[in-house]
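User: I would like to go through this structure with you. Could we start with a helix and then move on to other features?

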Amino acid sequence: MSNIYEYIKMAIHNIMANKGRSFLTMLGIIIGIASVIAIVSIGEGTKNQMNSEINDIGGGQIAVYCSDDATADDVWIQPEDIDAVRELDGVEGVNVSDSYIGETVTGKGDFNLTVTGEAQDAKLVDNASMKYGNYFGQKEVEEGKNVCVISDADAKRVGFSHLYIVVGMTLDVTCYDLTKTFRICGVTAQKENGTFVSYTYDGMPVSINVPYTAMDDFTGSTGEFYQITVQADKNLDSQVVADKIVNLLERRHQCAGDDYFQVQSFQDIMKSMNQMLGMVTAFISFVAGISLLVGGIGVMNIMLVSVTERTREIGIRKSLGAKTSSIMLQFLAEAAILTIIGGLIGIVLGIAGGYVICAVISSSIHTLVGAGKGE
């Protein structure tokens with residue numbers, strides 16, 4: 001033990017005697033370890049932050065749709081099916097979303113319309129943020145009321161410059177050569193087109209949301225739907241809830257085993273995204289790990305040069321009876337101390353760098369996702 005202590009003391013003395021060379025030797029180790037730790041930390045931090053922020057928007061959402069075989073056999077999701085799904089444990093809301101093309105004429109001119117028929121849970125499922133008024137509810141859907149919800153940006157486009165008086169105003173909607181008057185019951189905060197980037201173009205349609213039953217006069221709909229969107233409890237496993245929904249629909253339509261109903265949950269999308277982020281992080285970490293290898297080779301080269309420079313010292317020690325193994329242990333101790341010190345510095349710098357960069361990325365993601373939510 002005393003010999004090892006002497007080797008360490010001699011190694012520290014030699015390192016301190018050549019501070020510049022020792023620092024340059026450790027630099028490769030410092031950079032390599034700091035890079036790997038920072039990259040892994042940034043990758044994991046970004047993934048967790050994105051999961052948290054995006055989960056606030058679409059967490060627990062499940063899309064249920066009819067397969068091609070189902071539609072070929074004239075099997076569709078019925079309004080009664082929607083009511084039954086809404087009663088399942090773990091289901092907080094169900095929405096339908098059928099879009100139609102129309103037009104409206106206001107004092108500001110003619111505008112193309114995208115009219116989306118929705119159910120009473122639309123506000124919950126769409127995560128809509130109300131600016132003025134209220135979203136339509138169950139009563140409006142059951143009675144097929146001619147009411148609509150419009151975003152603040154679209155309300156300004158069609159000529160409603162003072163948004164606080166928009167609620168209660170009307171829009172004449174023409175669709176399939178039939179014109180109906182819809183009363184605006186609510187104004188939502190603009191969602192930036194549902195993406196992280198806002199875009200507009202000339203002639204872009206104005207979007208309004210209406211009770212799906214209010215579109216029956218336009219379309220002659222029989223109340224059959226190809227797809228529904230379910231908002232499940234975010235604290236539950238979406239796949240379990242999705243399986244319950246499929247089993248329910250198969251029982252109601254007596255088509256168990258025919259795969260007539262398919263599901264895609266938000267959880268599936270998040271898994272795919274996390275896998276992609278994991279692959280990117282692993283690849284970059286591998287590249288950063290090469291610098292760690294280079295740093296190790298640098299230590300080896302410097303120690304080889306050190307042995308050559310200290311040939312006289314080694315000869316004197318051997319003449320005094322030192323064994324080859326003892327001399328090797330001395331140089332090994334010096335190399336170990338260099339790599340340990342470099343490793344510790346690299347760990348500290350990697351953690352600090354990862355923390356700072358993750359804080360910046362977290363703020364950026366929150367800003368981007370907040371824009372997508374219309375905040």
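Analyst: Please note that this is a predicted model.

User: Why is Val-280 classed as partly exposed?

Analyst: Val-280 has a relative accessible area of 47%, and the partly exposed class lies between the buried limit of 20% and the exposed limit of 50%.

User: Which residues form a nonpolar patch on the surface with Val-280?

Analyst: The patch consists of Val-280, Phe-283, Ile-284, Phe-286, Val-287, Ile-290 and Val-294. Together these residues have about 670 Å² of accessible area.

User: Which elements give two or more residues to its lining?

Analyst: Those elements are helix 1 (2–17), helix 2 (19–58), helix 10 and helix 12 (324–372).

User: And which residues line the largest cavity?

Analyst: The lining is made up of Asn-14, Ile-15, Asn-18, Arg-21, Ser-22, Thr-25, Ile-302, Met-303, Ser-306, Glu-334 and Leu-338. By type, the lining residues divide into four nonpolar, five polar and two charged.

User: Let us change topic. How many salt bridges does a search of the whole structure find?

Analyst: The search finds seven salt bridges. One of them joins the side chains of Arg-86 and Asp-121, with an N to O distance of 2.6 Å.

User: Which residues are linked with Asp-121 in a network of salt bridges?

Analyst: The network links Asp-83, Arg-86 and Asp-121. As a further note on Asp-121, its C-alpha atom is separated by 9.3 Å from that of Tyr-135, which is 14 residues away along the chain.

User: What about Asp-217: with which residue does it form a salt bridge?

Analyst: Asp-217 forms a salt bridge with Lys-180, and the closest N and O atoms are 3.3 Å apart. This pair links distant parts of the chain, since Asp-217 is in helix 8 (residues 216–219) and Lys-180 is in strand 7 (residues 178–188), 37 residues apart. Asp-217 is exposed, with a relative accessible area of 55%, whereas Lys-180 counts as buried at 11% relative accessibility.

User: And Lys-145, which residue is its salt-bridge partner?

Analyst: Lys-145 forms a salt bridge with Glu-143, with the closest N and O atoms 3.4 Å apart. Lys-145 counts as partly exposed at 38% relative accessibility, and Glu-143 counts as partly exposed at 47%.

User: One last topic, the backbone. What is phi of Gln-254?

Analyst: Phi of Gln-254 is near 50°, a positive value in a residue other than glycine. Gln-254 is found in the loop between helix 9 (238–253) and strand 10 (261–265), and counts as exposed at 75% relative accessibility.

User: What is phi of Asp-259, and where does the residue lie?

Analyst: Phi of Asp-259 is near 55°, also a positive value in a residue other than glycine. Asp-259 lies in the loop between helix 9 and strand 10.

Methods:
Residues numbered from 1 in each chain as written. Predicted model: local features only at pLDDT ≥ 70, side-chain atom pairs only at ≥ 80, totals over all residues. Heavy atoms only, no water. Patch = residues over 30% accessible without salt bridge, like charges linked within 9 Å, V, L, I, M, F, W, Y side chains within 5 Å. Areas by Shrake-Rupley, 256 points an atom, 1.4 Å probe, with all protein chains shown as cover. Salt bridge = Lys/Arg side-chain N within 4 Å of Asp/Glu carboxyl O. Buried < 20%, exposed > 50% of the residue type's maximum accessible area, 1.4 Å probe, protein only. 1 Å grid on protein atoms, 1.4 Å probe; cavity = no way out; pocket = protein on both sides within 12 Å on 5 of 7 lines; lining within 4 Å. Helix = DSSP H or I, 4+ residues; strand = E, 2+ residues; numbered from the N terminus. Nonpolar A, V, L, I, M, F, W, Y, C, P; charged D, E, K, R; others polar.
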